[in-house]
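Thank you all for coming.

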Amino acid sequence: MENHTVGIIGLGALGVLFGERLMAAGADVRVIADEARAARYRAQGVTCNGAHVDFRYATPEEAQPVGLLIFATKESGLRAAMETAAGFIGPDTLILSMLNGITSEETIAARFGEENVLYCTAQGMDAVKVGPALTYAHAGMIVLGERTPGEVTPRVQAVADFLNAHGVKALPVEDMVRRQWGKLMLNVGVNQAVMVFEGDYGTVQTPGRPRDVMISAMREVQRLSALEGYPIDDAEFDGWVALVDTLSPAGKPSMRQDGEAHRRSEVELFAGTIVRRAKKYGLDVPVNQWLYDTVREMEAKY
């Protein structure tokens with residue numbers, strides 16, 4: 001990374017969380033937004049754990065290539081975000097996508113080239129964003145790597161070193177896509193169970209039906225991941241469940257926050273993906289089908 005400028009597009013929970021931490025550690029961060037959105041951000045202000053965050057905003061008219069570009073939007077806004085960010089991507093720009101699911105990197109690579117894209121997951125944070133205010137107890141980490149399994153490449157190591165030196169814990173790995181399946185498994189369980197039972201992380205941290213549904217949904221993803229070629233063993237499965245138990249009980253995943261705000265959720269990325277892919281193998285996934293149907297019923301009442 002010869003160019004140490006960081007661009008972030010999307011000021012949801014992860015955009016604010018990682019942007020604030022990078023800035024606090026001295027990184028040159030620009031929040032990329034069109035003029036109307038930038039004006040709204042400036043007017044509303046942004047806070048992180050009660051402190052104002054003085055982000056620097058950059059519009060497409062001011063675009064210059066950055067060294068690292070982080071997409072932190074919702075999946076529904078990704079295509080528009082790619083066009084807004086296009087001018088900030090040069091031949092040496094590396095791109096990370098913080099979006100949930102297992103498809104955003106392919107979408108970004110189709111637009112900007114596979115050579116610009118690293119694969120990653122953001123995990124372990126318990127951030128809650130209400131309006132322009134973000135609160136969190138655990139900042140979590142970024143796990144990153146290449147699409148193809150193998151030794152950690154110099155560019156992956158360089159980005160990880162940069163992030164670790166600037167307030168964001170980062171772990172480079174050799175099996176990134178399998179890790180993404182693990183994160184998808186986690187989201188399919190915890191995000192959907194907390195939304196359907198209208199609770200918080202505490203709802204699935206104690207014995208009872210919500211936790212049983214979370215674990216059963218995750219087991220279905222575990223079986224599917226093996227058929228897809230990315231097996232998750234029981235020890236790793238237990239590690240993801242244990243991660244849920246470390247989160248602030250009062251925290252809430254993004255899907256539950258969407259439900260409270262009567263926004264459309266990412267159910268298509270979670271249960272929708274599992275139901276569709278399971279059909280290819282004749283795999284029965286009744287818990288994810290129930291979660292999908294239940295979330296759709298909830299959203300139809302908005």
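In this predicted model, strand β11, which covers residues 139-145, pairs with β12 in the parallel sense, and that pairing runs over 3 bridges. To give one example of how the two strands are joined, L144 has P172 in β12 as its bridge partner.

If we step back from that pair, we find an open sheet of 3 strands, arranged in the order β8-β11-β12, with mixed pairing. The edges are formed by β8, residues 119-125, and by β12, residues 170-172, each of which pairs on one side only. On average, and ignoring direction, neighbouring strands in this sheet are turned by 20 degrees against each other.

Two helices belong in this picture as well. Helix α1, made of residues 13-24, packs on the sheet and touches β8 and β11, with its direction at about 90 degrees to that of β8. Helix α5, residues 154-165, lies across β11 and β12, and it runs at about 165 degrees to β12.

How much space lies in the largest cavity? The value is about 40 Å³. Which element gives the largest share of its lining? That is β8, with 3 residues. Among the residues that line this cavity are C120, T121 and A122, together with others including S97, M98 and K183. Sorted by class, the lining has 4 nonpolar, 4 polar and 1 charged residues.

Terms used:
Residues are numbered from 1 along each chain as its sequence is written. This is a predicted model: local features need pLDDT of at least 70, side-chain atom pairs count only at pLDDT 80 or more; totals for chains, interfaces and linings use all residues. Side-chain values use heavy atoms; hydrogens and water are left out. Two strands pair if DSSP finds at least two bridges between them. Helices (H or I, at least four residues) and strands (E, at least two) are DSSP runs, numbered from the N terminus. Axes are lines fitted to C-alpha atoms, for helices over the stretch in contact, and angles run from 0 to 180 degrees between N-to-C directions. Contact means heavy atoms within 4.5 Å. On a 1 Å grid over the protein atoms alone, a cavity is a set of points where a 1.4 Å probe fits but cannot get out, and a pocket is an open set with protein on both sides within 12 Å along at least five of seven lines; lining residues have an atom within 4 Å of a point. Grid points are joined across faces, edges and corners, and a volume is the space filled by probe spheres set on the points. Ala, Val, Leu, Ile, Met, Phe, Trp, Tyr, Cys and Pro count as nonpolar, Asp, Glu, Lys and Arg as charged, and the others, Gly among them, as polar.
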